[in-house]
Amino acid sequence: MAERTQMLRYAKDLARLYRSAKDDRQRLDKIQWRLRTLERACLDLVRCLSPEAVSKRVARAGVNLLGLTTAGVYLSRGEQYLLVARDDNTVHFPPSAQVSRSELEALCGEPDEFLCSPWTELVGGGPAVVIPLLGRRRAVGFLIGEGDLEDLEDGATRETISLLSGSAGVVLENFLLEEKRGRGSVLAGAPLDRD
């Protein structure tokens, strides 16, 4: 009888280990898929030839990689943020955002969900997911959309968002600096504003 009890314990332990290994494998597969998708997305970003193309890819990644239902990208143009791209399913983003630089900087570079103004007006009044696009020293714009960041506490999700927003932000910042350089040369050597 003791042998049978011991065998049943071993069988239960083996079944538990098998389930645990299966769950770990599924989590690993999900992480590997995210990494491959993120790698392709980052390579696509650096191959783009315009800020509009970069923004379009970022909006698409917001839907395909982060699970947003709609996504739009606003970039800093002077003192305002203008809609540069949106995913194909989005029709309601306004052409400019009534968002101040300080409201964007208040996010401290972290993604967040909002149920308040000015963010909700950009997505038609519902909850808004906002992800700053970080350049070297500050956000150059933001990805905004509908959806939810339920698994934001998951380290892999936070890393995915961080890598995507950082890569996109630096690439976009480079384009914006090139635009300023182009204007600077037209203005007979006017100094380049680097902030």
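User: How much accessible surface does the protein chain have, and what share belongs to carbon and sulfur atoms?
Analyst: This is a predicted model, where local features need pLDDT of at least 70 and side-chain atom pairs count only at pLDDT 80 or more, while totals for chains, interfaces and linings use all residues. Residues are numbered from 1 along each chain as its sequence is written, and side-chain values use heavy atoms, with hydrogens and water left out. Using the Shrake-Rupley method with a 1.4 Å probe, the protein chain's accessible surface is about 11,600 Å², and the carbon and sulfur share is 55%.

User: What percentage of the residues is buried?
Analyst: Buried means under 20% relative accessible area (1.4 Å probe, protein chains only). Out of 195 residues in the protein chain, the buried share is 37%.

User: How are helix 1 and helix 2 oriented where they pack?
Analyst: Helices here are DSSP runs of H or I, at least four residues, numbered from the N terminus. Helix 1 (residues 2–47) and helix 2 (residues 51–64) have axes 10 Å apart at an angle of about 170°, with axes fitted to C-alpha atoms over the stretch in contact and angles running from 0 to 180 degrees between N-to-C directions. Angles over 145 degrees count that way, so the pair is roughly antiparallel.

User: Which residues of helix 2 make the contact with helix 1?
Analyst: Contact means heavy atoms within 4.5 Å. Helix 1 brings Trp33, Asp44 and Leu45, and helix 2 answers with Val54, Arg57, Val58 and Asn64.

Terms used:
Helices (H or I, at least four residues) and strands (E, at least two) are DSSP runs, numbered from the N terminus. Angles under 35 degrees count as roughly parallel, over 145 as roughly antiparallel, 65 to 115 as roughly perpendicular and the rest as oblique. Buried means under 20% relative accessible area, exposed over 50%, partly exposed in between (1.4 Å probe, protein chains only).
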